[in-house]
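I opened this entry to record what I looked up in the structure, one topic at a time.

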Amino acid sequence: MARHWSIARQLFALQVLVVTLLVALGSVGVVLLARRDARNAAVDEVKAVASTLALSPVVIEALAGDDPSAVLQPYAEATRHATGTDFIVVMAPDRTRYTHPRPELIGRPFAGSVAAALAGGTVVEEYEGSLGDSWRTVMPVRSASGRIIGLVSVGITNAAINRVLLRQVPAVAAATTVALLLAALGAWLLSRRLRRQTHGLGPAEMTRMYEYYDAVLHSVREGLVVAGRDGRVELINDEARRLLAAPAEGPADLPAEMAELIAERRPMVDEPILAGDRILVASRSETRFEGRTLGTVLTLRDHTELRALTGELDSVRGLTEALRASAHEAANRLHTVVTLVELGKPAEAVRLATAELELAQQLTDQVVGAVQEPALAALLLGKSAQAGERGVELTVEAESRLEGPALPGRDLLTVVGNLVDNALEAVAAAEPPRRVRVLVRQHGDEVLVRVTDTGPGLSPEQAAAAFRRGWSTKPGEGRGVGLSLVRQVADRYGGTYRIDSPSSGGAILTVRLPVPA
């Protein structure tokens, strides 16, 4: 099946057709104007010649003589050749010719209108006479007393006027040809540029492509944001508008975190970010065509519910790990107690069993009594077990107090979990003693989260960059996300975050979150 003409080819053909019609109409107009100008020039010329002859003494004296033709015929012919007119006829008031380019017509009556000239006026008319169709004028010749003693008619045939126009045809044709060539060249250059921009597609193909792309953009289940090289959003689909809480129509203002992601030049795959109250997973890539960078494509997926389930799963996994470690330790203690009983030392066996039980119960009672948010309490107990396995002493400060759900549990888990994980990583490679202290406290309309560790601490430059996405003291892909999520939560609530490095060593991470009204 033959391919339809592309838009560029159709535009080129249309432009050439329109320009050709315009040039043709212009050429016809030029010819008509030139014909009119030539006719007017001919009329002016014959009037001037006739007026001169009517006042000539030679003509007046010859008309008063006995044989006017003998004097006037050579004089009229000489004047006709000199002025380039086609005929000069001098006649009596009764129309009898005294002169004519064709001598055989001398003595015969003049063909044409003379009434106005006999009345003292001037005749200007187009008339088909003995020499063919011509423009002519007739003027009276007066004697010294003012009496009309004859008439003078001067004319130029239309054939002579057309010959003058034909001499102008080459110039008009050349100008027309140049205009057509320039117009065709401009149309070709424009169509070539349009063909590059439309990739040679025809209207039906472009319409079908637009319909397909529009249907895909509206039906895809991932958010899609396309930005130009300047970072300005060029396209955003319905799912992205929903995820970013953007208006259904019109331009969409991206959150600061999204703008930073688009401005970055590195590829990114499945990095978590916060957008309002949603946790999104974003992937970024540059779009290229024929080696040119066109812009950036950002895909977004909603992981809010998945993150919530993951947080709860992490809490349960932490509790499971804690129970596993406790079960292992309990088995060891049980064997020890049994051995002490067998050795006849029941008092020491009782003392050992009750001491270990009191220590474990004390930690559980402290966490559950201070934090009434079940998921957060489970998280802290799980982190405590993980810390114990790493050789780190994790304690929940006695001043901790959180009664009721002051903030959404998901946000508290994000802040506390990431701060504690960061502290555990910081002290993992430090010299003993390795300690992490956690304070979670609600004071009025503010929730304070403070995590203190005995790690190596951070320099002022590192502390200033710690909450930035992608920054980490350890190499590797996928790092530098936890503290940036903490920053996003704090920014969303209008809270504050900071890192202090006391002179004694370690780091203190403090986050203050206002309680929503």
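**Surface and overall make-up**

I began with the surface: the protein chain has an accessible surface of about 28,900 Å². Carbon and sulfur atoms hold 58% of that area. The model is a predicted one.

Next I noted the burial figure, and 37% of the 517 residues in the protein chain count as buried. For secondary structure I have 14 helices and 14 strands in the protein chain. I also looked up how far along the sequence the contacts reach. Taking contacts with a separation of 6 or more, I find that 55% join residues 24 or more positions apart.

**Helices α2 and α3**

I then turned to pairs of helices. Helix α2 covers residues 57–64 and helix α3 covers residues 68–83. Their axes lie 8 Å apart, and the packing angle is about 155 degrees. An angle over 145 degrees counts as roughly antiparallel, so I list α2 and α3 as roughly antiparallel to each other. The crossing of α2 past α3 is left-handed.

Which residues of α2 and α3 make the contact? From α2 I wrote down Val-58, Val-59, Ala-62 and Leu-63. From α3 I wrote down Pro-68, Val-71, Leu-72 and Tyr-75. Sorted by class, the contact of α2 with α3 has eight nonpolar residues, with no polar and no charged ones.

**Helices α11 and α12**

Helix α11 spans residues 374–389. I find its axis within 10 Å of the axis of α12, with a crossing of roughly 10 degrees. Angles under 35 degrees count as roughly parallel, so α11 and α12 are roughly parallel to each other.

On the α11 side the contact is made by Ala-375, Leu-376, Leu-379, Leu-380, Lys-383 and Ala-387. On the α12 side I noted Leu-412, Leu-413, Val-416, Gly-417, Val-420, Asp-421 and Leu-424. By class, the contact of α11 with α12 has 10 nonpolar residues, one polar and two charged.

**Helices α12 and α14**

Helix α12 (residues 409–428) also packs with helix α14 (residues 482–493). I recorded an angle of about 145 degrees and axes 9 Å apart. The two helices cross in a left-handed sense.

The α12 residues in this contact are Asp-411, Thr-414, Val-415, Asn-418, Leu-419 and Asn-422. Those of α14 are Gly-482, Leu-483, Leu-485, Val-486, Val-489, Arg-492 and Tyr-493. The class count for α12 with α14 is seven nonpolar, four polar and two charged residues.

**Val-486**

Val-486 sits in helix α14. Is Val-486 buried or exposed? Its relative accessible area is 0%, and buried means under 20%, so Val-486 is buried.

I left aside its neighbours within four places in sequence and looked up what else Val-486 is in contact with. The list is Thr-414, Val-415, Asn-418, Leu-419, Phe-467 and Val-511. Among these, Thr-414, Val-415, Asn-418 and Leu-419 are also α12 residues in the contact with α14. The C-alpha atoms of Val-486 and Tyr-497 are 8.3 Å apart, and 11 residues separate the two along the chain.

**Loop residues**

Where is Arg-468 found? I place Arg-468 in the loop between α13 (460–465) and α14. Arg-468 counts as partly exposed, at 49% relative accessibility. I find 9.8 Å between the C-alpha atoms of Arg-468 and Gly-482, which are 14 residues apart along the chain.

Pro-433 lies in the loop between α12 and β11 (435–443). The peptide bond that joins Pro-432 and Pro-433 is cis, with omega at about 0 degrees.

Arg-95 is in the loop between β1 (87–91) and α4 (115–118). I flagged Arg-95 for its phi near 80 degrees, a positive value in a residue other than glycine. Arg-95 is partly exposed at 29% relative accessibility.

**Asp-238**

My last entry is Asp-238, found in helix α7 (residues 238–243). Asp-238 has a relative accessible area of 36% and is partly exposed. Not counting residues up to four places away in sequence, I find that Asp-238 touches Leu-217 and His-218.

Methods
Residues numbered from 1 in each chain as written. Predicted model: local features only at pLDDT ≥ 70, side-chain atom pairs only at ≥ 80, totals over all residues. Heavy atoms only, no water. Helix = DSSP H or I, 4+ residues; strand = E, 2+ residues; numbered from the N terminus. Buried < 20%, exposed > 50% of the residue type's maximum accessible area, 1.4 Å probe, protein only. Contact = heavy atoms within 4.5 Å. Areas by Shrake-Rupley, 256 points an atom, 1.4 Å probe, with all protein chains shown as cover. Axes fitted to C-alpha atoms, helices over the stretch in contact; angles between N-to-C directions. Parallel < 35°, antiparallel > 145°, perpendicular 65-115°, else oblique. Left-handed = near helix turned anticlockwise from the far one by under 90°. Nonpolar A, V, L, I, M, F, W, Y, C, P; charged D, E, K, R; others polar.
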